[in-house]
Amino acid sequence: CLREGKDEEAIREFSQAVELDNRMYRARFAKTMLSPLPHSPTPDDRLAYKAELMNTVSVNPDFAPAYVELAKFYVAQGDLNKALGLALKAERLEPWRSGYHLLAGEILLRLDRAADAATYASYVAGHYAGPDRDEAMELWNLVPIAKRPAEGPVQIEVGHDLSSAEGTVK
């Protein structure tokens with residue numbers, strides 16, 4: 001249902017799965033992420049969202065996506081140290097995901113640990129290609145030059161018939 005864009009039907013299916021077996025952490029997580037809770041600004045909904053994510057990790061403490069969402073929750077709450085711990089947990093659980101490294105790097109930059117953030121950006125830029133590398137270079141460029149390590153990611157030259165742009169697509 002979800003792949004076919006039938007979100008309401010998918011939510012009902014995920015809800016039924018959790019009712020039948022409350023240990024189905026993927027169904028619980030999907031149900032939570034499809035609900036209005038992740039986008040709600042009200043304090044009660046934010047607490048309910050956190051509680052659902054905590055329920056997910058209590059069922060499966062090795063489910064990295066829930067830690068990522070909890071890290072983003074704590075960034076929004078302004079608790080960057082808690083967010084960093086959760087982002088690093090997700091990174092340890094699934095070290096092949098470039099986005100998890102970048103999340104940790106972005107939090108480090110917000111914590112005024114720019115040199116550490118640059119190290120994360122350089123790592124991702126050196127190990128991944130395409131949009132992952134582009135995001136790493138965006139993080140790298142946010143780090144003040146004085147805080148970057150001497151050896152950074154290798155710059156890719158853009159050919160004369162190509163151009164690049166930065167910004168937000170609307």
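User: Is the crossing of helix 3 and helix 4 left-handed or right-handed?
Analyst: This is a predicted model. In it, the axes of helix 3 (residues 43–59) and helix 4 (residues 64–77) come within 9 Å. The crossing of these two helices is left-handed.

User: Which residues make the contact between helix 3 and helix 4, and how do they divide into nonpolar, polar and charged?
Analyst: Helix 3 contributes Arg46, Tyr49, Lys50, Leu53, Met54, Thr56 and Val57. From helix 4 come Ala66, Tyr67, Glu69, Leu70, Phe73, Tyr74 and Gln77. By class, the residues of this contact are nine nonpolar, two polar and three charged.

User: Which residues meet between helix 4 and helix 6, and how many of them are charged?
Analyst: On the helix 4 side are Ala64, Pro65, Val68, Ala71, Lys72 and Val75. They meet Tyr100, Leu103, Ile107 and Arg110 in helix 6. Eight of the residues in this contact are nonpolar and none is polar, while the charged ones number two.

User: Is Ser98 buried or exposed, and which residues does it touch?
Analyst: Ser98 is found in helix 6 (residues 98–110). Its relative accessibility is 5%, and under 20% counts as buried, so Ser98 is buried. Leaving out residues up to four places away in sequence, Ser98 touches Val124, Tyr128 and Asp132.

User: At what angle do helix 1 and helix 2 cross, and which residues make the contact?
Analyst: The axes of helix 1 and helix 2 come within 8 Å and cross at roughly 145°. The contact is made by Asp7, Ala10, Ile11, Phe14, Ser15, Ala17 and Val18 of helix 1, together with Ala27, Arg28, Ala30, Lys31 and Leu34 of helix 2. By class, the residues of this contact are eight nonpolar, one polar and three charged. The crossing is left-handed.

User: Is Ala30 buried or exposed, and what separates its C-alpha atom from that of Ser15?
Analyst: Ala30 is found in helix 2 (residues 25–34). With a relative accessible area of 16%, Ala30 is buried. Ala30 and Ser15 are 15 residues apart along the chain, and their C-alpha atoms are separated by 9.3 Å.

User: How many helices and strands does the protein chain have, and which element has the lowest mean pLDDT?
Analyst: The protein chain has eight helices and zero strands. Its mean pLDDT is 90, and 94% of its residues reach 70 or more. Among the elements, helix 5 (residues 80–93) has the highest mean, 98, and the lowest, 85, belongs to helix 1 (residues 7–20).

User: What share of the residues counts as buried?
Analyst: The C-alpha trace of the protein chain spans about 55 × 40 × 30 Å along its principal axes. Of its 170 residues, the share that counts as buried is 37%.

Terms used: Residues numbered from 1 in each chain as written. Predicted model: local features only at pLDDT ≥ 70, side-chain atom pairs only at ≥ 80, totals over all residues. Heavy atoms only, no water. Axes fitted to C-alpha atoms, helices over the stretch in contact; angles between N-to-C directions. Helix = DSSP H or I, 4+ residues; strand = E, 2+ residues; numbered from the N terminus. Left-handed = near helix turned anticlockwise from the far one by under 90°. Contact = heavy atoms within 4.5 Å. Nonpolar A, V, L, I, M, F, W, Y, C, P; charged D, E, K, R; others polar. pLDDT = per-residue confidence, 0-100. Buried < 20%, exposed > 50% of the residue type's maximum accessible area, 1.4 Å probe, protein only.
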